[in-house]
Amino acid sequence: MPLPPGDDLDRRQFLRLGGAAVAAGAGAGLGRDAHAETAAQAGGLIAAPPIETVRIGMVGIGLQGGGHVENFLKIPGCRITAVCDIRAERTGWAASAITAAGHPAPAAYTRGPRDFERLCETEDLDLVFTATPWEWHVPVMLAAMKNGKHAATEVPAAMTLDDCWALVETAEKQARHCVMMENCNYDRAEMMVFNIVRQGALGEVLHAEGGYLHDLRAIKFEKKDEGLWRRAWSMKLDGNPYPTHGLGPVANCLDINRGDRFDYLVSMSGPSRGLYDWAREHFPADAPERREKYVLGDVNTSLIKTALGKTVMVQHCTNLPRPYSRINLVQGTKGIFQGYPNRLYIEGRGREHQWVDASAVRDEFEHPLWRELETRAAGAGHGGMDFIEDYRLIKCLREGVPTDMNVYDAAALSAVVELSVQSNAKRARAVDVPDFTRGRWRTNPRLGILGV
Ligand SMILES: NC(=O)c1ccc[n+]([C@@H]2O[C@H](COP(=O)([O-])OP(=O)(O)OC[C@H]3O[C@@H](n4cnc5c(N)ncnc54)[C@H](O)[C@@H]3O)[C@@H](O)[C@H]2O)c1
């Protein structure tokens, strides 16, 4: 349930006090919450000891989870040793893929929707990775961290502010990584923009836009895979249920949680028509789909103001006919990049007022990860970006360094789900974005150019 803003303010004050009390307790040698102190020492970017071979438990092996299984089988230094799904045929599929790759058969957990708890309690694992429907991400990650495992999840990490805080608190307390696997941060164009920004070619970044504009009508009405759960969210939430694909990459360009932070947000949804029309056109009059009530506005638009005064527009549109786009616009004092199609304008280069196709600057600005991993990533999910994100996760765990995305990123980006619902319900009134870093955004180091 959405929290009224006042409650959230109280909660933030409470947590600040709580954080101070923990630090004081640890400093006085009381030993309480030594893990939280470790997390704080890491400058808010949680680090953990290196792991030679990362033992992974996979929870939810559907379309996206299956892709991650295939990636991990190609990445050195990790093993999938346990698998869990409510459908035994999916753990069976994963076991076949794992043994075919020459590894021992994983332990299988198929005793229903909470069997991941048994997996987290019994298995000796370094990482629990979940690609379940949205409602299961937080329960799986909390169970993982409470049992001493690092946790990684598909997007969004959480659907409510309370759950965002639960992830932050648990990651700090247990000193475990809690990573939201935002694969779009690793796509070729997004990584190139990040590189362009880091090289200063756009000047100071002042504004960015992102979104998830993807006609999912057919998928939402399938009687399998996402059709079994994703449409249901269109019946219970009016806001932006899936903000992170668009926000993740531009948040990195704006140094969110590492020099700046999301401060407040306004959000507005339009009418809900697309799913009604689809149901009417594809199902007979007596079909249950024709009686469903959708509340999700077909187009939701949110604007976020950052603490440094920058602006971000993020949009969601999955119920209408349209070509795919994540917008991917980054605008600075010296130029602008815009996706779909990828193009840019840098003052003093090329013709005034004219876009340049981004392929013209690829040699100059291609991100090193793409230069080096393109061949290995070929054929992996979503054009290869899923392989690169999985590769980076395993590399960070093996080296014992902070992961590229941490629990604060997971919380700040996922918080937009409930905040957009709150603001939209109140005639687009501004709602505060919690500071999940509790002030550390000011001193956290900026994300560097990531390497192989
Ligand atoms: N990053 C991306 O580009 C991308 C793309 C697609 C999906 N996703 C995300 O991946 C997640 C899964 O999506 P999908 O397309 O693979 O859906 P899916 O329906 O194909 O897969 C979900 C799987 O989870 C299993 N499952 C459901 N409840 C479970 C439980 N309690 N315990 C164990 N297993 C359970 C289902 O049986 C199924 O195999 C979602 O969070 C989605 O948003 C991300």
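Tutor: What follows is a talk about terms and the values behind them. This is a predicted model, in which local features need pLDDT of at least 70 and side-chain atom pairs count only at pLDDT 80 or more, while totals for chains, interfaces and linings use all residues. Residues are numbered from 1 along each chain as its sequence is written, and side-chain values use heavy atoms, with hydrogens and water left out.

Student: Thanks! Why is Thr-170 called buried?

Tutor: Buried means under 20% relative accessible area, exposed means over 50%, and partly exposed is in between (1.4 Å probe, protein chains only). Thr-170 has a relative accessible area of 11%, so it is buried.

Student: Where is Thr-170 found, and what does Thr-170 touch?

Tutor: Thr-170 is in helix α7, residues 161-174. Helices (H or I, at least four residues) and strands (E, at least two) are DSSP runs, numbered from the N terminus. Contact means heavy atoms within 4.5 Å. Not counting residues up to four places away in sequence, Thr-170 touches Leu-142, Met-145, Lys-146 and Ala-175.

Student: Which backbone oxygen does the side chain of Thr-170 reach?

Tutor: That of Ala-166, at 2.7 Å. A polar contact is a pair of N or O atoms within 3.5 Å; within protein, one must be able to donate a hydrogen and the other to accept it, and residues adjacent in sequence count only if both atoms are side-chain atoms.

Student: Are Cys-120 and Cys-317 buried or exposed?

Tutor: Cys-120 has 0% relative accessibility, so it counts as buried. Cys-317 is at 5%, and therefore also counts as buried.

Student: What surrounds Cys-317?

Tutor: Cys-317 is found in strand β10, residues 311-317. Leaving aside neighbours within four places in sequence, Cys-317 is in contact with Tyr-212, Leu-213, His-214, Asp-298, Val-299 and Arg-322.

Student: On to charges. What makes Glu-172 and Arg-438 a salt bridge?

Tutor: Side chains of opposite charge can pair when their charged atoms come close. A salt bridge is a side-chain nitrogen of Lys or Arg within 4 Å of a carboxyl oxygen of Asp or Glu. Glu-172 and Arg-438 meet at 2.7 Å, N to O. Glu-172 lies in helix α7 and Arg-438 in the segment after β15 (431-432), so the pair ties together parts that are 266 residues apart in sequence.

Student: How many salt bridges does the rule count?

Tutor: The count comes to 25. Among them, Glu-117 and Arg-114 meet at 3.0 Å, N to O, and Lys-224 and Asp-225 meet at 4.0 Å, N to O. Arg-55, Asp-124 and Asp-126 are linked in a network of salt bridges.

Student: How do you know that β1 and β2 pair?

Tutor: Two strands pair if DSSP finds at least two bridges between them. β1 and β2 have six bridges, in the parallel sense, with Ala-82 in β2 as the bridge partner of Gly-57. Strand β1 (residues 54-59) also pairs in the parallel sense with strand β4 (residues 127-130), over four bridges; there Val-59 stands opposite Thr-130.

Student: What sheet do the six strands form, and which are its edge strands?

Tutor: They form an open sheet in the order β3-β2-β1-β4-β5-β6, with parallel pairing. The edge strands are β3 (107-109) and β6 (178-180), as each pairs on one side only.

Student: What makes strand β2 mostly covered?

Tutor: In strand β2 (residues 78-84), five of the seven residues are buried.
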